[in-house]
Amino acid sequence: MREEIISLKNEAIAQIMETSSISELENLRIIYSGRNGKLTSLIKKLKEFPKDKRKQVGILINETKNSLNQIISSQKNKLSSSSRKWFDPTIPGIKPKLGNLHLVTKAIREISLIFEKIGFVRVRYPEVEWGYFAFEALNMPKTHPARDEWETFFVDSKLNSKFGQTVLTPHTSSGQVREMLRVKTPPIRMINIAKCYRRQSDVSHTQMFHQFEGLVIDKDISIINLKGTLDYFAKNFFGNKRKTRLRPYDFRFTEPSFEVDISCDICNGKGCKLCKEGWLELGGAGMVHPNVLKAGKIDPKKYSGFAFGWGVERTYMMKSGIKIPDIRFLYSSDLNILKQY
Ligand code: FA5
């Protein structure tokens, strides 16, 4: 029996010293000195011994149990101190990655602020719009060929007898007559910034883009007010050094009409893939056509007005130093590109 106890002890010590985790150690404790462990079953066998030897063997088993418990507890200390992790509280922490506003959101906020400073009020009109407000109210009768330019997405082929079909609004000009009908009596100074949709995609076009539309109606509004407002915006947004130009154009809802270009910041006016000839078109502008005022129930004999509608993305791409050479980058969701600006 003595030999059996000693070999059990040696076997247990060897295994305890090999353990590499607290849970492994706990398993061994249960196997050797647990309630149904090997040493406990030896104690149960004591009854079979003659009375005179029983005491000696009992003492030996107890001593073995105590010394195994001591070895287990010192091994436990060793394991838990080696798994303890030290850290230096003076090392600077890892900064969480911060997101930032999308460039188009930044552009919209900046543009709004510039116009709000001179009394324009930001409004919003539907993105899914009646064809009437996008076209007829803007002096483009049904089947007029000028409508083709707007490469429109139609939402529903059903026709409403007054308002026509529903469309994804192809330009923010669809808010012009809605604003006149809402305000009823001028003065009007609106800035409408919203998503627009067209079937177009290339280096300077996306299918979804944003426009900002200005509309001013009051007594005695002239083309000088239009030019002054556009110059004010251009100076505030692009700085003093950049050049803008007005090109005569033909929009059905303004007369006279212009397109507004800016000297390209990508190529410094030399001509590149984006601008082609050194100037990039930013938007259209003109004096509100009397038929549009009439559609908005405003008397063209009493009031006159100007309007302009520019692309937000193109305007931002032309901001000095930004240098985004392809409009599609803005919607690529590629953080490596977006983080650069
Ligand atoms: C218009 O949309 C007119 N409604 C502008 C206007 C308003 C004229 C008020 C007169 C009075 P145009 O189709 O040219 O015009 O578009 C204006 C600007 O929107 C463009 O110069 C461009 O900057 C931007 N734009 C147009 N289509 C796209 C497109 N697919 N992707 C990105 N930007 C576009």
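The exercises below go from cysteines to strands, the ligand and salt bridges.

This is a predicted model, in which local features need pLDDT of at least 70 and side-chain atom pairs count only at pLDDT 80 or more, while totals for chains, interfaces and linings use all residues. Residues are numbered from 1 along each chain as its sequence is written, and side-chain values use heavy atoms, leaving out hydrogens and water.

**Exercise 1.** Describe the cover and the partners of strand S5.

Solution. 
- Strands (E, at least two residues) and helices (H or I, at least four) are DSSP runs, numbered from the N terminus.
- S5 spans residues 188-197, and eight of its ten residues are buried; buried means under 20% relative accessible area, exposed over 50%, and partly exposed in between, with a 1.4 Å probe and protein chains only.
- One example is Cys-196, buried at 0% relative accessibility.
- Strands pair if DSSP finds at least two bridges between them. S5 pairs with S1 (residues 121-123) in the parallel sense over three bridges, and Arg-122 has Ile-191 as its bridge partner.
- With S6 (residues 208-218), S5 runs antiparallel, joined by ten bridges; here Tyr-197 is partnered by Met-208.

**Exercise 2.** Which polar side-chain atoms lie 2.8 Å and 2.4 Å from the ligand?

Solution. 
- Ser-173 places a polar side-chain atom 2.8 Å from a ligand nitrogen.
- Glu-281 has a polar side-chain atom 2.4 Å from a ligand oxygen.

**Exercise 3.** Trace the salt bridge between Arg-178 and Glu-129, then the network that includes Asp-261.

Solution. 
- A salt bridge is a side-chain nitrogen of Lys or Arg within 4 Å of a carboxyl oxygen of Asp or Glu.
- Arg-178 and Glu-129 meet at 2.7 Å, N to O. This pair links helix H7 (residues 174-183) with strand S2 (residues 128-130), 49 residues apart.
- Arg-178 is partly exposed at 21%, whereas Glu-129 is buried at 1%.
- Asp-261 meets Arg-245 at 2.9 Å, N to O. Asp-261 lies in strand S8 (residues 254-263) and Arg-245 in strand S7 (residues 244-249), so the pair ties together parts 16 residues apart in sequence.
- The network of salt bridges links Arg-245, Arg-247, Glu-259 and Asp-261.

Conventions. Polar contact = N/O pair within 3.5 Å; in protein donor to acceptor, adjacent residues only side chain to side chain.
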